[in-house]
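Subject: Structure handover

Hello,

I am passing on the structure below, followed by notes on what turned up in it. Please have it open while reading.

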Amino acid sequence: MAIRTGMVQVFDGTAGRGLDHIIDYATHIEALGFDSLWAPDHVIFFDTYSSKYPHTDDGSIDFKKDQGILEPLMVLQAAAHVTEHIRLGTSVEIITERNPVVRAREIATLDVISGGRFNYAVGIGWSKEEYKAIGVPWARRGARADEYIHVMRALWREYRPSFHGEFVDFPEVVFFPKPVQAGGVPILVGGNSDAALQRIARCGDGWQGWKLTISEVEERLARLREIVEEAGRPWNEITCNVGIPFKGDLNELAEYREALDKIGVHELVIAAGISRTRFKDQLSEFAEVLGLPARTTTPRGETR
């Protein structure tokens with residue numbers, strides 16, 4: 001099966017980036033033959049950070065002044081309503097910043113509304129400032145993330161789930177509806193570190209890598225496979241996606257995608273600066289260079 005291709009897009013609710021843009025963007029990438037739409041996540045932002053962003057050499061990140069992001073699950077619900085083929089996902093949501101019981105219910109709702117098209121890609125974040133403002137301890141955030149994944153899986157899979165852990169404790173409960181997808185919504189783990197790869201082996205369905213060269217992807221894939229097999233899990237049950245912030249040549253992007261395909265990556269997820277007014281033309285250029293097959297879709301507003 002050929003490598004899939006998805007797009008990450010920031011919808012921040014500013015002029016031209018609200019509901020109409022979500023609808024137009026989602027329907028357009030579906031018609032162009034993209035496989036997925038991913039929404040990023042941060043709850044709040046700060047003018048300055050002491051925390052270091054892990055994907056730049058100097059630890060800085062170029063958020064704009066007065067940066068904001070619309071709630072990802074609400075964005076994806078709007079996209080689900082006007083599409084029927086593309087998968088929808090978070091890339092990545094900071095799992096430790098939400099109550100896992102409440103979030104499991106919200107995710108199950110989105111999976112039902114989308115007809116089983118949701119992927120939940122998660123991370124533990126890098127901003128101590130954000131954790132402090134939300135009131136979540138920074139310490140043991142990795143253990144908290146693992147437990148939250150187990151909580152969600154129990155709620156999605158068990159008839160009368162209960163859970164007794166370090167961070168979450170509840171007796172037998174009634175939790176319906178369950179997600180449409182058998183076994184619950186796939187949970188992908190974002191991050192390039194060994195700790196992230198080990199989390200995949202313990203409790204994840206796949207990897208959401210970010211901003212890596214081909215040689216780095218090869219090394220991380222080999223390391224992930226080693227960790228997964230040491231944990232006694234079949235390698236073929238692990239999904240491997242790689243995301244890239246694109247600011248270059250489209251032909252080079254096509255070559256990168258082809259190289260990822262050859263080494264066994266399942267999906268390339270592209271984050272690109274998209275114009276509010278020219279985004280349809282820009283996305284069409286991506287689709288043409290990448291050789292994506294156009295789809296026949298039902299026009300927005302008609303009954304599917």
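The notes below cover a helix pair, a strand pair and some backbone details.

Please keep in mind that this is a predicted model.

Helix 3 (residues 100-113) packs against helix 5 (residues 141-157) with the axes 9 Å apart and an angle of about 50° between them. That angle makes helix 3 oblique to helix 5, and the crossing is right-handed. On the helix 3 side the contact involves P100, V101, R103, A104, I107 and A108, which meet Y148, V151, M152, L155 and W156 of helix 5. Sorted by class, this contact has ten nonpolar residues, one charged residue and no polar ones.

Strand 1 (residues 4-8) pairs with strand 2 in the parallel sense, over three bridges. M7 stands opposite L37 of strand 2. Strand 2 (residues 36-39) is covered on both faces: S36 and W38 are buried on one side, L37 and A39 on the other. In a regular strand, side chains alternate between the two faces of the sheet.

Two peptide bonds are cis. The bond from S91 to V92 has omega near -15°, and V92 is in strand 3 (residues 87-94). The bond from F176 to P177 has omega near 5°; P177 lies in the loop between strand 6 (169-170) and strand 7 (187-190).

Positive phi values occur at these non-glycine residues:

- D66, with phi near 60°, lies in the loop between strand 2 and helix 2 (72-81). D66 counts as exposed because its relative accessibility is 63%.
- K211, with phi of about 55°, lies in the loop between strand 8 (206-210) and helix 7 (214-230). K211 has 42% relative accessibility, so it counts as partly exposed.

Regards

Note on methods
Residues are numbered from 1 along each chain as its sequence is written. This is a predicted model: local features need pLDDT of at least 70, side-chain atom pairs count only at pLDDT 80 or more; totals for chains, interfaces and linings use all residues. Side-chain values use heavy atoms; hydrogens and water are left out. Axes are lines fitted to C-alpha atoms, for helices over the stretch in contact, and angles run from 0 to 180 degrees between N-to-C directions. Helices (H or I, at least four residues) and strands (E, at least two) are DSSP runs, numbered from the N terminus. Angles under 35 degrees count as roughly parallel, over 145 as roughly antiparallel, 65 to 115 as roughly perpendicular and the rest as oblique. A crossing is left-handed if the near helix is turned anticlockwise from the far one by less than a right angle, and right-handed if clockwise. Contact means heavy atoms within 4.5 Å. Ala, Val, Leu, Ile, Met, Phe, Trp, Tyr, Cys and Pro count as nonpolar, Asp, Glu, Lys and Arg as charged, and the others, Gly among them, as polar. Buried means under 20% relative accessible area, exposed over 50%, partly exposed in between (1.4 Å probe, protein chains only). Two strands pair if DSSP finds at least two bridges between them.
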